[in-house]
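Work through the exercises below with the model open. Try each task before reading its solution.

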Amino acid sequence: MTETPLTILERVFGYHSFRGHQQAIIETLWHGNDALVLMPTGGGKSLCYQIPALLHSGTGVVISPLIALMQDQVDALHELGVRAGFLNSSLGREDIIATEQALLHGQLDLLYIAPERLTQQRTLSLLKQIPLALFAIDEAHCVSQWGHDFRSEYLQLGLLHEQFPDVPRIALTATADMRTREEIARRLQLTDAAHFVSSFDRPNIQYRITQKSNARQQLLRFLRAEHPGDAGIVYCLSRNKVDTTAEWLQQQGFNALPYHAGLPAAQRRDHQQRFLREDGVIMVATIAFGMGIDKPDVRFVAHLDLPKSIEGYYQETGRAGRDGEPATAWLVYGVEDVIKLRQMLEGSAGSEDHKRSERQKLDAMLGLCEIVSCRRHALLTYFGEASDAQCGNCDACLHPARTWDASDAVRKALSCVYRTGQRFGVNHLIDVLRGSDNEKVRQFGHQHLSTYGIGSDLPTAGWRSVFRQLVARGLLRVDVDGYGALHLTEACRPILRGEEAVHLREDVKEAAERSRSKRHQPALPEEDRPLWEALRKLRKTLADEHGVPPYVIFNDRTLTEMVERRPLKENELLSVTGVGETKLERFGDAFLEVIREFEYG
Ligand code: ADP
Ligand code: ZN
């Protein structure tokens, strides 16, 4: 039989159709041309170079900076029956020689290699002796000096074009912006490459942004109601908060582990390994965790602190749902978070230029939090992509928030800031507005101010919402050093003079939100649970035997289909997504046996 991209997709990977641009990209390389691919996380980039490498008799060389992932990637290919190997600094001399020999004898379909090793003379002369299918440059944005993942070794990859002019090249990245794309094309000398730009939308991720009232309880309710037993990531800003949150989640009965740069390397490795290998682990982490985490079945990403930019938010939430199954991006924030981030930014050491750009990024992030229209639409618009005004899968679309004419309340709040001398933080200002009788109020004689008690009609939470939105919109500025004292800005003038109305977001009441936000995942019917659990258990046993993460055996989609379709024969199992030839041979009997047991009792 002559192989085509589709027959390989079916036979090796067990998938039945291509996604998005995959087929066009594969054909471009197959015909010997170059490609530049922008696809979001989870879009299915790997198949774009794996399939052309399998179609070609020579070896496909994959360049990646993520050395820690190579072993897993190669293991996963072995489970599919693909001949793959890797070369990087983690290998001992003997392993390197063995891999080089396999390469020379035409025994590798795919070779993963770190950029610094590729550009060594020894490697280049080795590669010149064998037929090559292609070069795939993964994480190609690492060539950009402006990005945060810059790797100087990537700059040398232009030599591939000079030294291997006839070997097709494909560069891939999940970084969306235009400037990076142009830089990749230029620096990697991909002048004639066909560009494939996918939508950066992640439709299976539900975006939810909520006001903080009691963050821990909110998180707990979210996890219990929507993600019991699921794997996920909880991001916190500080190491200390990571530690305490992880401990608290453990006490609540969750399998939670901390991860941050302050932990010993061995412990970090151990926790990462458990996150990958065990089912349902919650990783509580700083943003140090994530780069190069290839786990496809992360079902939620929860932020207990605000990300500093939309880029960061998109990247962090993007770690959820790589497998395309429903996932949730959940964030809570309050006025303190806004104040803290503003303070950190203004107090940082950077140049004025740098601060200005950081400020713009934070403003955009706060804007995303405060809008009442579709979050996804705002997110995609930020990345320059057109989209529907309503996505139907974010909190704004599911439970629209209202706005209210807050002009009066805002004037009261601003006057109170002014009357108290622009020296106080949110809590005291609210005490004065609400006419609280406490020591601090009396100490400063604030009970005599004209603004004392003029805001007793609004509850404390209402005032916190007002102040949060005023800081977010730049109507109030935060003191850099000190205790978060608020100052008026120029932008307040027309409002104070009564020339401009202010409409603010009416925060959705937590209880209301809770009752309306139902689990969006089509949970398995109760009667299917036992089979699902039995299959999951078998998957874990096989994974441990093979020393790979469970999803490498079969992913959740595949298991769900097995439960739904209950295949009893080999050919029925083969038609389940994710079951290819090799996996059928290796695992088919074991899974069929479990299913038969449930069917026939
Ligand atoms: P990326 O590298 O773009 O983040 P991956 O290559 O890891 O994405 O693919 C994400 C997931 O989607 C993987 O589990 C992969 O097996 C699966 N996948 C990719 N292409 C297809 C397809 N055509 N049909 C079904 N599943 C696919
Ligand atoms: Zn929406």
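**Exercise 1. The zinc ion**

Which spacing do the donors of the zinc ion (ligand 2) follow along the chain?

Solution. The spacing is C-x16-C-x2-C-x2-C. Two notes on conventions apply here and below. This is a predicted model, where local features need pLDDT of at least 70, side-chain atom pairs count only at pLDDT 80 or more, and totals for chains, interfaces and linings use all residues. Residues are numbered from 1 along each chain as its sequence is written, chains are lettered from A and ligands numbered from 1 in the order in which they are written, and side-chain values use heavy atoms, with hydrogens and water left out.

Step 1. List the protein donors: C374 (SG), C391 (SG), C394 (SG) and C397 (SG). They lie 2.3 to 2.4 Å from the zinc ion. Donors are N, O and S atoms within 2.8 Å of the metal (3.2 Å for Na, K and Ca); water is not among the atoms, so sites may look incomplete.

Step 2. Check the angles. The four donor atoms subtend 101 to 119° around the zinc ion, so the arrangement is tetrahedral. For four donors, that label requires all angles to lie between 85 and 135 degrees.

Step 3. Check the cover. C394 has 0% relative accessibility, so it counts as buried. C397 is buried too, with a relative accessible area of 16%. Buried means under 20% relative accessible area, exposed over 50%, and partly exposed in between (1.4 Å probe, protein chains only).

**Exercise 2. The shell of ligand 1**

Find how many residues surround ligand 1, then describe its contacts.

Solution. Step 1. Count the shell. It holds 14 residues, and the closest are Y15, G42, K45, S46 and R322. A residue is near a molecule if one of its heavy atoms lies within 4 Å of it.

Step 1. Sort the shell by type. It divides into four nonpolar, seven polar and three charged residues. Here Ala, Val, Leu, Ile, Met, Phe, Trp, Tyr, Cys and Pro count as nonpolar, Asp, Glu, Lys and Arg as charged, and the others, Gly among them, as polar.

Step 2. Find the main contributor. Helix α3 (residues 45-55) gives the most, with three residues. Helices (H or I, at least four residues) and strands (E, at least two) are DSSP runs, numbered from the N terminus.

Step 3. Look at the polar contacts (pairs of N or O atoms within 3.5 Å). The side chain of K45 places an N or O atom 2.8 Å from an oxygen atom of ligand 1. A polar backbone atom of G44 is 3.1 Å from an oxygen atom of ligand 1. At S17, a backbone N or O atom lies 2.9 Å from a nitrogen atom of the ligand.

Step 4. Read the burial. Ligand 1 taken alone exposes 560 Å², and the protein buries 83% of that. Such areas come from the Shrake-Rupley method with a 1.4 Å probe.

**Exercise 3. Positive phi**

Solution. Step 1. E139 is in the loop between β5 (132-137) and α8 (159-163). Q189 is in the loop between α9 (178-187) and β7 (194-197).

Step 1. Read phi. E139 has a positive phi of about 50° although it is not a glycine. Q189 likewise has a positive phi of about 50° and is not a glycine. Most residues other than glycine have a negative phi.

Step 2. Q189 is partly exposed, with a relative accessible area of 28%.

**Exercise 4. Sequence and space**

How many residues apart in sequence are V426 and R468, and how many Å in space?

Solution. Step 1. V426 and R468 are 42 residues apart in sequence and 9.0 Å apart in space, C-alpha to C-alpha. V426 lies in helix α19 (residues 426-433). At 5% relative accessibility, V426 is buried.

Step 1. Take G85, in strand β3 (residues 84-87). Its C-alpha atom is separated by 73 Å from that of R442, 357 residues apart along the chain. G85 is buried at a relative accessible area of 8%.

Step 2. Finish with V301, found in strand β12 (residues 300-303). V301 and E10 are 291 residues apart along the chain, with their C-alpha atoms separated by 32 Å.

Terms used
A polar contact is a pair of N or O atoms within 3.5 Å; within protein, one must be able to donate a hydrogen and the other to accept it, and residues adjacent in sequence count only if both atoms are side-chain atoms. Four donors count as tetrahedral if all angles lie between 85 and 135 degrees; four count as square planar and six as octahedral if opposite donors are over 155 degrees apart and all others between 65 and 115; anything else is irregular.
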